[in-house]
Amino acid sequence: MSSTAMKYLVKSKSGLRVVCIDESRRSPFELSEPPWIPDEEHHCRRCGQIFCDNCCGKKLPLPRMCFVDPVRLCAFCAEVTLKENEFYEKHLKTLQNGAKFHVKSSESVLPSQPGLHLCKLSSDHKELYFGAKNSLERVELNKIVELKIIRSESEKPGLSVVTGVELIHEIPGKGVCSVILSNNAHSKQSRMWISALEKAFKMVLESRGSSVL
């Protein structure tokens with residue numbers, strides 16, 4: 001079944017949303033809609049707090065909550081949402097386009113031959129995969145517990161450059177495992193990909209917190 005067929009339109013108290021039929025297929029970036037009580041005043045769709053019209057008059061797209069149309073936001077949430085929307089418009093594309101890395105895994109599923117492997121985010125945002133999607137390593141984004149940025153000394157004294165990242169993640173039945181992605185300091189594409197991954201991981205952590213409220 002296609003990702004389009006797995007979603008449907010629902011009308012919540014805050015507006016129209018496109019949500020997954022199967023809750024387990026939700027994007028790990030998605031935020032749960034906050035609870036709120038109908039009131040004569042206006043409420044922010046992102047945080048659920050009540051405001052006057054002047055303090056909650058900005059309307060913006062809110063893809064993290066799957067709203068179809070721009071929704072009302074308070075000043076603080078509007079600023080946060082603008083940065084999140086930049087992630088969807090720019091950094092998400094970087095992750096899905098991919099970058100090439102040397103891959104070292106604590107698991108044995110990766111091939112032993114040397115060389116660079118293309119690392120990408122899946123179209124449903126749920127997995128990172130390395131090389132051919134059906135034959136190489138996959139890491140579920142929601143199972144990553146820590147990112148460790150790897151730095152090397154720059155040619156300029158006192159400076160360092162990002163040359164890789166270690167993904168600490170959980171595998172059911174196997175515990176905590178590690179995947180190290182590395183490339184040379186001159187690869188702008190790999191540095192941009194790692195930077196985008198840092199932003200994505202921060203959003204995943206926020207979404208985990210939202211799901212338990």
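Valine 18 is found in strand S2, which covers residues 15–20. In this predicted model, Val18 has a relative accessible area of 34%, so the residue counts as partly exposed. Together with Leu9, Leu16 and Val68, Val18 makes a nonpolar surface patch of about 310 Å².

**Salt bridges**

Side chains of opposite charge can pair when their charged atoms come close. The count for this model comes to eight salt bridges.

| Pair | N to O distance | Relative accessible area |
|---|---|---|
| Arg17 and Glu33 | 3.7 Å | Arg17 10%, Glu33 24% |
| Glu84 and Arg64 | 2.8 Å | Glu84 6%, Arg64 1% |
| Arg138 and Glu127 | 3.4 Å | Arg138 38%, Glu127 21% |

Arginine 17 forms a salt bridge with glutamate 33. This pair links distant parts of the chain: Arg17 is in strand S2, while Glu33 is in the loop between S2 and strand S3 (42–43), 16 residues apart. Arg17 is buried, because its relative accessible area of 10% is under the 20% cut-off. Glu33, at 24%, counts as partly exposed.

The salt bridge of glutamate 84 is with arginine 64.

Arginine 138 meets glutamate 127 in a salt bridge. Because Arg138 lies in strand S10 (residues 138–140) and Glu127 in strand S9 (residues 127–130), this pair ties together parts 11 residues apart in sequence. Arg138 counts as partly exposed, and so does Glu127. Elsewhere, salt bridges that share partners join Arg17, Arg26, Glu30 and Glu33 into one network.

Strands of a sheet pair through backbone hydrogen bonds, either parallel or antiparallel. In this model, seven strands form an open sheet in the order S10-S9-S8-S7-S13-S12-S11, and their pairing is antiparallel. The edge strands are S10 and S11 (144–153), each of which pairs on one side only. On average, neighbouring strands of this sheet are turned by 30° against each other, direction ignored.

Leucine 128 has valine 139 in S10 as its bridge partner. Helix H1 lies across strands S7 (99–105) and S8, and runs at about 140° to S8.

Most residues other than glycine have a negative phi. Which value does cysteine 66 have? Its phi is positive, at about 65°, although Cys66 is not a glycine. Cys66 lies in the loop between S5 and S6. At 15% relative accessibility, Cys66 counts as buried.

Histidine 125 has a positive phi of about 70°, and this residue is not a glycine either. His125 lies in the loop between strand S8 (117–121) and S9. Is His125 buried or exposed? With a relative accessible area of 14%, His125 is buried.

Terms used:
Residues numbered from 1 in each chain as written. Predicted model: local features only at pLDDT ≥ 70, side-chain atom pairs only at ≥ 80, totals over all residues. Heavy atoms only, no water. Patch = residues over 30% accessible without salt bridge, like charges linked within 9 Å, V, L, I, M, F, W, Y side chains within 5 Å. Areas by Shrake-Rupley, 256 points an atom, 1.4 Å probe, with all protein chains shown as cover. Salt bridge = Lys/Arg side-chain N within 4 Å of Asp/Glu carboxyl O. Helix = DSSP H or I, 4+ residues; strand = E, 2+ residues; numbered from the N terminus. Buried < 20%, exposed > 50% of the residue type's maximum accessible area, 1.4 Å probe, protein only. Pairing = 2+ DSSP bridges. Axes fitted to C-alpha atoms, helices over the stretch in contact; angles between N-to-C directions. Contact = heavy atoms within 4.5 Å.
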